[in-house]
Amino acid sequence: MNPEPYLYIMFLQFIPKRFCGYLPPISVKTMLRCNGKEWAVTLKSGVRRRLVNGWKQFVVDNNLKKGNVLLFELVEATSGVVIFSVEELGLTNA
């Protein structure tokens, strides 16, 4: 059974490998949509996929702290763009 194209995170550092099968294997422009706003970031390619070039601004603008849980819903993934809808679900007790 394939995992759903949703990603829960407590603090994004690297994207889990099981989720990467839904994403293009190259570095690609990525759009994060949250609370009616959009942030342009880059989904970096490599063995450990991660969001860069705009991720820190997304964190600052949304007042995210360690312990925040986010839900990333994959809206679109092509070789030219990846779009995630992001929802903040609250704080974990970790």
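The structure is a predicted model, in which local features need pLDDT of at least 70 and side-chain atom pairs count only at pLDDT 80 or more, while totals for chains, interfaces and linings use all residues. Residues are numbered from 1 along each chain as its sequence is written, and side-chain values use heavy atoms, with hydrogens and water left out.

**Confidence**

- The protein chain has an average pLDDT (the predictor's confidence in each residue, from 0 to 100) of 82, and 84% of the residues score at least 70.
- Where pLDDT is low, the predicted coordinates should not be read in detail.

**Nonpolar core**

- A nonpolar core is a set of buried Ala, Val, Leu, Ile, Met, Phe, Trp, Tyr and Cys residues joined through side-chain atoms within 4.5 Å; buried means under 20% relative accessible area, exposed over 50% and partly exposed in between, with a 1.4 Å probe and protein chains only.
- The largest such core comprises 21 residues, and those with the most contacts inside it are Leu23, Leu32, Trp55, Phe58, Phe72, Phe84 and Val86.
- At least two residues of this core come from each of helix H1 (17-20), S2, strand S3 (37-44), helix H2 (55-61), strand S5 (68-77) and strand S6 (81-91).
- Beyond its neighbours within four places in sequence, Val86 is in contact (heavy atoms within 4.5 Å) with Leu32, Arg33, Cys34, Phe58, Leu70, Leu71 and Phe72.

**Aromatic pairs**

- Rings of Phe, Tyr and Trp (its six-membered ring) pair if their centres lie within 6.5 Å; planes under 30 degrees apart count as stacked, over 60 as edge-to-face and the rest as tilted.
- The structure holds six aromatic pairs.
- One of them, Phe19 with Phe84, is stacked, at 6.1 Å centre to centre and 25° between the planes.
- This pair links helix H1, which holds Phe19, to strand S6, which holds Phe84, across 65 residues; both Phe19 and Phe84 are buried.
- The pair of Trp55 and Phe72 is tilted, because the ring centres are 6.3 Å apart and the planes stand at 40°.
- Trp55 lies in helix H2 and Phe72 in strand S5, so the pair ties together parts 17 residues apart in sequence.
- Phe19, Tyr22, Trp39, Trp55, Phe58, Phe72 and Phe84 form one aromatic cluster.

**Asn68**

- Asn68 lies in strand S5 and is buried, with a relative accessible area of 8%.
- The side chain of Asn68 reaches the backbone nitrogen of Lys65 at 2.4 Å.

Terms used:
Helices (H or I, at least four residues) and strands (E, at least two) are DSSP runs, numbered from the N terminus. A polar contact is a pair of N or O atoms within 3.5 Å; within protein, one must be able to donate a hydrogen and the other to accept it, and residues adjacent in sequence count only if both atoms are side-chain atoms.
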